[in-house]
Each structure stands twice: as structure tokens, then as C-alpha cells.
Amino acid sequence: MAELRRPTESGVPDPFPYMHPLMKKNYGHWAWHDRPRPGVLHHVAQSGDEIWTVKAGTQRQMDVGTIRKLCEIADTYAEGYVRFTVRSNIEFMVSKADKVAPLVEALTKAGFPVGGTGNSVTMISHTQGWLHCDIPGTDASGVVKALMDELHDEFTHERMPNRVKITTSCCQINCGGQGDIAINVQHTKPPKINHELVSLQCERPAVVARCPVAAIRPALVNGKPTLEVDEKKCVCCGACYPPCPPMQINDPVNTKIAIWVGGKHSSTRSQPSFHKLVAAGLENNAPRWPEVAAVVKSILRAYQKDARAWERVGEWIDRIGWPRFFELTGLPFTKYHVDNWRGGRASLNASAQLRF
Amino acid sequence: MAKAMPKTPLLDQLESGPWPSFVTGLKRLAKAEDKPYADMMKDLLGQLEHSYETRKGYWKGGTVGVFGYGAGVIPRFSEVAEKYPASKEFHTLRVMPPAGMHYTTDLLRQMCDVWERHGSGLIAFHGQSGDIMFQGTSSEKVQGAFDELNEMGFDLGGAGAGVRTSVSCVGAARCEQSCFDEAKAMRRVVNAFLDDMHRPSLPYKFKFKFAGCANDCANAIHRADMAVIGTWKDDMRVNQAEVQAYVKKNGRKQMIDQVIRMCPTEALSLNDDDSLDVDNKSCVRCMHCINVLTKALKPGKERGAAILVGGKRTLKIGDQMGTVVVPFHKLDTDEDYEALVELAKKVVEFFAENALEHERCGEMIERIGLVNFLEGIELDLDPNMIRHPRTNSYVRIDGWDAEVQKWNARKKSAAE
């Protein structure tokens with residue numbers, strides 16, 4: 001047998017060999033920036049050097065044809081250097097202002113929308129979904145494609161009060177993370193257990209330990225060791241499903257979509273905040289999820305109309321209050337909005353400050 | 001005869017509309033009859049359509065890897081392989097990108113070529129983990145794909161209960177607000193943990209992220225077990241002529257409404273001559289005014305980073321933000337960066353020894369308390385670590401005098 005090749009444990013690659021020469025030259029010595037138009041950034045270095053960045057949306061899951069098309073545009077209209085943002089937008093850097101317009105035109109013509117800067121709705125951050133994940137309740141690429149089709153004009157314009165970051169997640173583990181608006185799977189029924197398979201596929205004590213509400217206990221069914229769920233305690237989070245696939249949580253009817261708002265990572269103005277549940281029970285309606293799109297758009301419209309410049313979605317709601325939020329968006333307020341998890345009482349109004 | 005394209009009436013509906021369509025890309029790969037992956041991508045499309053029809057996923061994990069590593073490949077075996085045999089194995093290689101996600105077109109083309117030879121031709125830039133995801137190959141082709149990428153200077157990222165792939169913002173490469181060298185910090189720290197990345201044996205995952213300022217473009221505070229977020233210690237820098245030019249151009253009302261009034265600690269005030277009065281002792285370095293007046297305002301010169309520990313998402317006890325464990329870590333000299341690596345090692349070592357199985361760092365701190373954690377990694381307490389002191393009296397304080405002496409001794413030695 002041929003000897004196996006030992007890996008070179010090289011770790012995170014050095015970015016300098018792949019960096020635009022002006023970024024290398026002025027590394028750590030930039031002076032200021034502005035945005036000449038949506039989708040374009042202009043940075044000026046302390047040396048006086050200037051660089052323009054054109055940002056475009058991609059589908060993230062790209063075939064080699066798409067990547068080569070982006071390379072062709074980068075070589076023809078830009079200078080052969082690109083980078084990606086954490087939200088899968090691609091950025092082309094150029095050293096001359098007059099290269100911007102032809103580059104924007106080439107990208108637009110090839111079907112890559114230019115935008116996503118400043119106070120726009122930028123690309124939705126997404127996860128793997130039905131295409132590749134082992135536990136998804138819905139798809140990710142499809143939800144994002146459907147939503148970004150609807151929000152395309154908000155990506156290419158800067159007409160929101162501040163930037164809007166939307167995220168999606170295909171299970172309640174929520175790989176998509178916090179967002180101004182988060183579109184997340186929410187299961188509504190306990191897992192359906194295949195008792196024949198549990199003892200073959202699952203490390204049962206680890207599954208018991210995984211449950212956040214201690215609803216899982218060992219059991220014997222038809223003489224076989226298995227697990228059972230106290231369905232009254234179960235919060236349908238699906239945490240038992242990854243370590244124990246026979247505890248199927250996904251369901252074509254009862255796996256629903258929920259919308260959360262007001263998540264924010266930055267410490268800018270207000271402190272970072274978690275997103276809050278505002279709508280749930282939405283149909284997991286592939287391939288275009290119209291019910292989800294309708295709720296997202298109604299929240300965006302209310303925010304766009306009512307928020308002040310620079311207020312993020314959560315900051316806007318902090319100012320106007322939740323009664324006004326539910327009034328402006330027309331979303332129903334239910335008992336499920338009231339947090340009863342540990343520490344949940346801290347989210348109640350412990351004051352005589354009221355809004356009418 | 002070539003395998004027929006599957007019928008995909010649901011996915012077809014995702015080909016219209018102005019946003020680039022991943023379905024069109026998948027079909028392009030499935031129709032590339034001269035390529036080894038065409039049939040695999042036909043069945044992949046078939047299985048995805050089946051998911052859209054039945055609203056369920058059909059992938060299962062397993063154990064697939066490359067020689068010498070215990071992580072970095074995400075194995076996927078189809079549960080419906082009888083119907084879609086050509087994509088019965090569809091594994092992903094997680095590969096770490098250059099810090100800051102910079103690429104030349106030459107590098108991207110090389111990556112495409114590798115993935116046409118060894119995989120499906122489908123690549124994601126990037127996953128939520130921060131990896132380039134080379135998606136879709138069989139068990140037998142994984143090693144060949146990795147060998148080629150590894151020869152090009154690229155290494156597998158993290159998966160499972162180990163140190164994970166990291167992310168840093170664009171930072172010093174193109175941003176005037178950068179308070180440290182994000183790429184250098186990320187490479188120094190992460191590359192010191194490659195054993196914990198490639199051969200995972202921690203209680204659970206551990207993530208580092210690096211953001212150059214409080215705008216936190218790396219989403220570090222909530223998504224990292226250890227977040228390094230740029231800040232400064234001295235006064236922010238003000239170019240009063242540029243402040244006045246902003247007021248002249250945009251008017252006093254905009255300056256007051258969008259800058260002065262939005263300062264979270266009321267540290268700003270507008271002088272009668274339209275210059276800016278900054279109360280730096282009240283400033284919390286939130287970045288808002290600097291974001292608005294990019295020409296007039298800048299972070300100070302004494303730069304470094306705040307270090308926050310314990311950010312995570314839902315499982316198991318609920319969401320947590322990272323909390324401050326070092327208010328200011330100077331990041332200037334090589335020694336400063338080395339000290340950051342040493343601190344990271346202490347945190348990970350303490351986590352490895354003290355966390356329960358499947359417990360994240362933040363959950364461990366929740367269970368044992370911040371003070372025990374700080375003592376474990378030998379860090380001094382600081383009022384910047386809390387929002388406010390305790391509000392309940394259920395605490396035993398018979399060590400009070402000794403603690404006061406410690407505080408006074410620290411203050412005295414800092415003053416000397």
C-alpha cells in the first residue's frame with residue numbers, strides 16, 4: 001500500500017499574497033471613507049492613495065461557472081483582486097474612480113446586483129438547509145433566494161433608516177445568528193420516536209442530558225431499551241434530534257417558521273441585543289415562502305416609515321415601545337410572546353411607564 | 001446514454017427573479033456532461049426537489065476524514081440513495097480562507113479546478129463557520145481533494161468539539177476604524193490551536209472571532225466563545241475644521257439629531273462655533289459619531305482590544321453574549337500579540353479542564369460564576385466587567401477585608 005500523505009498543518013493562510021496592492025501598501029494607514037453611491041465604498045489612505053470597492057450580491061452556493069464569471073469580470077473591469085464579506089457579498093477593489101461605472105454595469109448585466117452598503121437591506125446570512133444539513137426543518141438557499149428577489153430594490157438602494165441585517169436558520173440551534181429580522185424554524189410538536197432504532201443509533205444518557213427541560217427519560221418499548229418524551233414538558237426545540245436521529249423532530253406540517261426582530265451584534269449606540277419573537281406559526285411553504293415574505297416586508301415597511309436616521313430595528317422599537325410596534329405592523333400579540341424561560345421575568349415591564 | 005435531468009418543477013420556480021439563482025448553478029453543473037460530477041449533480045437536484053415536495057431533509061452524518069486529522073470534513077450520506085444513487089455520498093470539506101477573505105482571481109480559478117477534478121463543482125463562499133465550503137464529493141475522493149488544496153497552502157477548518165475556524169473583519173486592510181491588526185491576531189491565535197482544531201477533544205466547540213472596533217463586523221460578541229474587539233484607551237481624535245464643515249454642509253439640526261443626541265452616554269455637545277465638545281471620560285467608544293463623521297472623528301492612538309468570553313446561541317441554557325474579561329489588551333508590539341495567544345491558551349485550557357461535556361464556555365461561566373473563571377485564568381477583576389454590582393444580599397462576605405486589601409494594593413502598584 002502506498003504511504004499516505006501527511007497533512008501540512010499550515011492553519012489560517014496569510015492574506016497578503018491575495019490582497020489588492022493598495023490595501024497591502026496602506027495596511028493600517030487608512031484615513032477616511034465615504035459612499036459615492038449605493039454598493040460603492042471609497043477609502044482614502046493617509047498617503048493620499050484612494051481605493052474604490054464595488055460590492056455585489058451572490059447566491060453563496062456557487063457553481064464553478066458562476067465563480068469563473070465573477071473572475072472574468074474582476075480581470076476585465078477590476079484589477080484581479082476580490083474579497084468576500086461575512087454575508088457572502090463579493091467586493092471588487094479598483095484604484096481609479098473611472099473604473100467604477102463600467103464595473104457596476106458589467107456586474108448588473110451579468111445578474112449580480114450591486115448594493116448592500118450603508119443603510120440598505122444587505123444579503124441575508126444563511127445556513128445549509130435541505131441542500132446539505134443533516135437536521136434541517138427547511139431550506140436555506142431557497143428561502144434566501146425567494147426573499148432577496150422580493151428585497152432586491154432594498155439591496156440596491158440605501159433608503160432604510162440604518163443597515164438591516166436579516167438572518168435565516170433551518171432549526172432552533174440557529175446557526176444563522178442574531179438579526180434585525182431573523183427567520184427561524186420553530187417546531188410545534190414533540191419528536192416522533194422510532195423505538196426500534198433508538199438503542200442502535202443513540203447514546204441514550206447523552207440524549208437525556210441534552211434536553212433543556214429534562215423531558216426525556218429511558219424507557220422499554222416492546223422489550224427494547226429506548227427513550228420516551230414527556231410531551232407535556234417538551235418545548236419542541238429539537239435538541240434531541242441531532243444526537244438521536246430516530247427522534248424525528250421535522251414534520252412537513254408542524255414544522256413552522258417564526259420571525260424575530262431587534263437582534264444586533266454591534267455595540268454602536270445601544271448595547272448588543274438578542275432578537276425577540278414577533279410572529280410564528282407561518283407555513284414552511286416551499287419554494288417561495290410567501291407568508292414569510294409578507295411578514296418580513298410589513299416589518300420593513302413600518303421600520304422604514306417610522307424609524308429615525310441611524311436607528312436599527314431594535315433601537316427603533318426601544319424608542320416607540322412594543323405596543324406601537326404591534327400596532328404599526330398589524331401583528332397579533334399573544335401569550336407566546338411573554339417569556340417564561342428562566343430569567344424571563346426580567347423582560348416584563350416593572351414600571352409605571354406605559355404607552356397609549 | 002447520458003442520465004436524464006430530473007424533473008424539478010418546484011426548484012424551477014427559484015430560477016426566476018432578479019437575485020442570482022443557486023438552482024440555475026446546480027443545473028449548470030448537472031448538465032456538464034463532459035465532467036465527472038454531472039450525474040451526481042442530477043441526483044442531488046432530484047433529492048433536493050424531493051425535499052421541497054415532502055418538506056424534509058434526507059442527509060445523515062457519519063465518519064469520513066483525511067489522514068492525520070479528526071475533523072474538517074462534514075460527511076453526508078443520503079437516506080434516499082436508492083432513488084438518487086449518484087449523490088449517495090455528498091461530503092463537504094471545510095477549508096480556512098486567507099484571513100479577511102481576500103482572493104486573487106488566479107486563486108479562485110485554481111480552487112474551481114481542484115473542485116472540478118475531485119468534487120461537484122459547488123463551492124460556498126463562505127459558511128457561517130467562516131470556512132470555504134467545498135460541497136459534494138464521495139468518500140474516496142476526499143483525500144485527493146484535500147491533498148491538492150493543502151499543497152496550495154490551504155488547511156482544513158474545524159468541526160465538532162474542537163477549536164473552530166475563525167473570522168476577522170476586513171480591518172486594517174481597508175478600514176480607518178481598525179484598532180489593531182485583525183489578521184495578525186487571528187492567525188497568531190488560531191494557528192496556535194491547530195492541534196485542537198484538527199484533532200478535536202474539547203468538551204464542546206470553541207470559537208474565536210476578531211473585530212477591529214465596536215461596530216463588530218465579525219459578529220464576534222455573540223458568536224464567539226472568545227471575542228477580540230478593537231477599542232482605544234486615550235481620547236478620540238477630533239478634527240474641528242472637518243466637524244464645522246459637516247455642520248455647514250448638513251445643518252445644525254442634522255448634527256444634533258443624528259450625532260449629538262444619539263451618543264449613548266451624552267458625551268457630546270455642540271459648541272457655539274459648531275465645533276465639537278467631547279467628554280472623553282463619559283465616552284464608551286461605541287463608534288456611532290465616528291461612523292457618521294468619518295473625516296472628522298477617529299479612534300484615539302492608544303489602541304488595542306477588549307476581550308469578551310462566553311458568547312453562544314441557544315443550546316442548552318439559552319442565548320448569551322460574551323462578557324468582558326479584559327477591558328483593554330494593548331495590541332501594538334509583537335509581545336502584545338504573543339500575550340494575547342497566551343491568554344487564549346489559558347482560557348481554552350481552563351475550558352478543557354472544567355467544562356462539562358457539551359457545555360460551551362459561557363455556560364460553564366454561568367455555572368461556576370465569573371469570579372471563579374477569572375481566578376482560574378489569573379485575571380484581575382475590573383468594574384468594566386459588570387453592568388452593575390449585585391442587587392441581592394444573599395452573599396457571604398467574610399473575606400471582604402482581604403479583598404479590599406487586594407484592590408488597594410493593585411491600585412497602589414498601578415499608580416507607581
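I started with B:Gln177, whose side chain makes a polar contact of 3.3 Å with the side chain of B:Asn291. By polar contact I mean a pair of N or O atoms within 3.5 Å; within protein, one must be able to donate a hydrogen and the other to accept it, and residues adjacent in sequence count only if both atoms are side-chain atoms.

A note on ground rules: this is a predicted model, where local features need pLDDT of at least 70 and side-chain atom pairs count only at pLDDT 80 or more, while totals for chains, interfaces and linings use all residues. Residues are numbered from 1 along each chain as its sequence is written, chains are lettered from A and ligands numbered from 1 in the order in which they are written, and side-chain values use heavy atoms, with hydrogens and water left out.

**B:Gln177, continued**

I looked up where B:Gln177 sits: it is in the loop between strand S8 (167-168) and H6 of chain B. Helices (H or I, at least four residues) and strands (E, at least two) are DSSP runs, numbered from the N terminus. Is B:Gln177 buried or exposed? B:Gln177 counts as buried because its relative accessibility is 6%; the cut-offs are under 20% relative accessible area for buried, over 50% for exposed and partly exposed in between (1.4 Å probe, protein chains only). I then listed its contacts (heavy atoms within 4.5 Å). Leaving aside neighbours within four places in sequence, B:Gln177 touches A:His33 from chain A, and its partners in chain B include B:Cys213, B:Met287 and B:Pro299.

**B:Ala185**

Next I went to helix H6 (residues 182-190) of chain B, which holds B:Ala185. B:Ala185 has a relative accessible area of 0%, so I put it down as buried. Which residues does B:Ala185 touch, not counting residues up to four places away in sequence? I found B:Phe180, B:Phe210, B:Tyr337 and B:Leu340. I also checked B:Asp336, 151 residues away along the chain: its C-alpha atom is 9.8 Å from that of B:Ala185.

**Between the chains**

I counted 117 residues of chain A in contact with 116 residues of chain B. The buried area between them is about 10400 Å², with 58% of it from carbon and sulfur atoms; this is the accessible area (1.4 Å probe) that two parts lose on being put together, summed over both.

The rule gives ten salt bridges across this interface, each a side-chain nitrogen of Lys or Arg within 4 Å of a carboxyl oxygen of Asp or Glu. One salt bridge I opened up is B:Arg109 with A:Asp75, where the closest N and O atoms are 2.8 Å apart.

**Strands**

How do S5 (residues 81-84) of chain A and S5 (residues 102-104) of chain B pair? They run antiparallel over three bridges, with A:Tyr81 opposite B:Thr104. I take strands as paired if DSSP finds at least two bridges between them.

I also traced an open, antiparallel sheet of five strands in the order S4(A)-S6(B)-S7(B)-S4(B)-S2(B). Its edge strands are S4 (61-63) of chain A and S2 (73-74) of chain B, each pairing on one side only. Two bridges join S2(B) to S4 (residues 92-95) of chain B, and B:Val73 faces B:Leu93 there.

**Chain A overall**

Last, I noted nine helices and 14 strands in chain A. Of its 356 residues, 58% are buried.
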